[in-house]
Amino acid sequence: MVQKVNGNPAESKFDMQKLLAPAVMVIMIIFFVIMVPNLRTASGATDALLNVLNASYFIGFMALGVTFVIITGGIDLSLGTTMMCGMLIGGLSLSWGLNTWMALLIGVCVCTFIGLLNGLMIAYLKLPPFIATLGTQMMGMGFGAIVTKVTTMRFTDQGFKRVFYKMGNDMPAPFTSFPIGIVWLILAFILAWVLLNKTKFGRYTFAMGSNYEAARLSGIKTKYWLTLVYTLCGFFCGLAGIFYSAVYTTIIPSTGNGLELLAIAGVVIGGTSMAGGTGSLTGTLIGVFTMSILKQGLMLMNLQGQWQTFMTGAVVVGAVLLDQYRVRQANKVRRL
């Protein structure tokens with residue numbers, strides 16, 4: 001923890017870095033309001049807000065899970081394909097006569113298992129997180145296509161959508177388009193926050209990220225807890241898949257690759273360091289909304305798809321540079 005020495009303003013200067021994420025989001029909102037005249041109308045702003053929220057659900061759940069991973073100093077590149085693989089297998093189970101709820105449960109279990117597999121390879125087989133999760137990224141993408149025979153899966157149950165997406169036209173007017181998904185995201189945030197900040201699991205997560213070897217020598221069963229961190233990340237990917245299915249209905253085989261960058265960028269923009277040891281779930285949510293605002297704003301500006309991809313990639317690079325800047329500032333404070 002950074003300590004203030006003799007009233008030195010270095011700590012205050014470092015704490016100011018926490019304001020960067022909300023500042024970036026506010027600047028981005030102002031930019032798009034200026035560039036897109038429709039956002040200056042009540043109806044246009046409302047529609048844009050709903051689109052931002054709908055695009056935030058699945059990214060938000062992935063980001064909450066991978067925040068724990070990044071705090072340990074690791075990375076998970078399999079987020080997007082894990083989510084798609086789980087929902088593809090869940091969707092396939094519909095053809096076996098199962099109902100939508102059982103199909104979703106199967107999807108979450110598949111994602112959790114992939115997270116467990118990542119954890120075992122990293123903690124017990126000592127594979128670098130980048131390599132292990134890159135491997136499961138490709139395996140998940142391929143396996144989902146194999147078991148479904150490259151057949152698109154669809155979740156069309158309106159009751160399911162009413163619970164996780166929006167309440168539907170049969171509800172009173174104020175609630176017809178109410179984004180019910182944001183309620184679930186807030187509940188998931190509260191659960192993740194308690195785990196990270198109020199439990200032994202969270203303390204050990206920070207300890208492993210700060211100094212893994214020191215944590216091991218202090219008696220922490222680092223292999224067990226690190227495996228649990230990646231398993232939790234897989235579980236959150238499963239939850240992300242539920243909301244992706246609710247919003248977009250269609251799950252296409254051999255997709256999902258690249259979605260993890262949106263979640264990881266949101267986490268880094270929110271203040272969690274890629275070096276490990278520090279992180280904030282509140283910042284993660286802010287970063288997620290920032291990425292969703294960027295995506296929707298570029299679409300409203302009618303930019304072609306390749307430009308949207310380019311700009312998103314530029315933000316990812318900028319997020320990493322921002323993280324490096326924060327680390328340098330933190331090191332300066334510690335030396336004071």
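Start by selecting helix 9, residues 200-210, where the buried residues are Phe 201, Gly 202, Thr 205, Met 208 and Gly 209; buried means under 20% relative accessible area, exposed over 50%, and partly exposed in between, with a 1.4 Å probe and protein chains only. Turn the view until you look down the axis of helix 9, and the buried residues fall within an arc of 125 degrees, so they line one face of the helix; the arc is taken from the directions that run from the helix axis to the C-beta atoms. The helices named here (H or I, at least four residues) are DSSP runs, numbered from the N terminus.

This is a predicted model, in which local features need pLDDT of at least 70 and side-chain atom pairs count only at pLDDT 80 or more, while totals for chains, interfaces and linings use all residues. Residues are numbered from 1 along each chain as its sequence is written, and side-chain values use heavy atoms, with hydrogens and water left out.

Stay with helix 9 and look at the face turned away from its buried side, which carries the exposed residues Arg 203 and Ser 210. Next, show what covers the buried residues of helix 9, which includes helix 3 (42-71), helix 8 (181-198), helix 10 (212-217) and helix 11 (222-248).

Now select Tyr 165, which you will find in the loop between helix 7 (158-164) and helix 8. Is Tyr 165 buried or exposed? With a relative accessibility of 16%, Tyr 165 counts as buried. Not counting residues up to four places away in sequence, Tyr 165 touches Asn 54, Phe 178, Pro 179, Ile 180, Gly 181, Ala 246 and Val 247, where contact means heavy atoms within 4.5 Å.

Move on to Thr 112 in helix 5, residues 100-123, which counts as buried because its relative accessibility is 19%. The side chain of Thr 112 reaches the backbone oxygen of Val 108 at 2.8 Å. Leaving aside neighbours within four places in sequence, Thr 112 is in contact with Thr 231, Gly 234 and Phe 235.

Finally, display helix 5 together with helix 11, which pack at an angle of about 150 degrees with their axes 7 Å apart. That makes helix 5 roughly antiparallel to helix 11, given that angles under 35 degrees count as roughly parallel, over 145 as roughly antiparallel, 65 to 115 as roughly perpendicular and the rest as oblique. The axes are lines fitted to C-alpha atoms, for helices over the stretch in contact, and the angles run from 0 to 180 degrees between N-to-C directions.

Terms used
Helices (H or I, at least four residues) and strands (E, at least two) are DSSP runs, numbered from the N terminus. A polar contact is a pair of N or O atoms within 3.5 Å; within protein, one must be able to donate a hydrogen and the other to accept it, and residues adjacent in sequence count only if both atoms are side-chain atoms.
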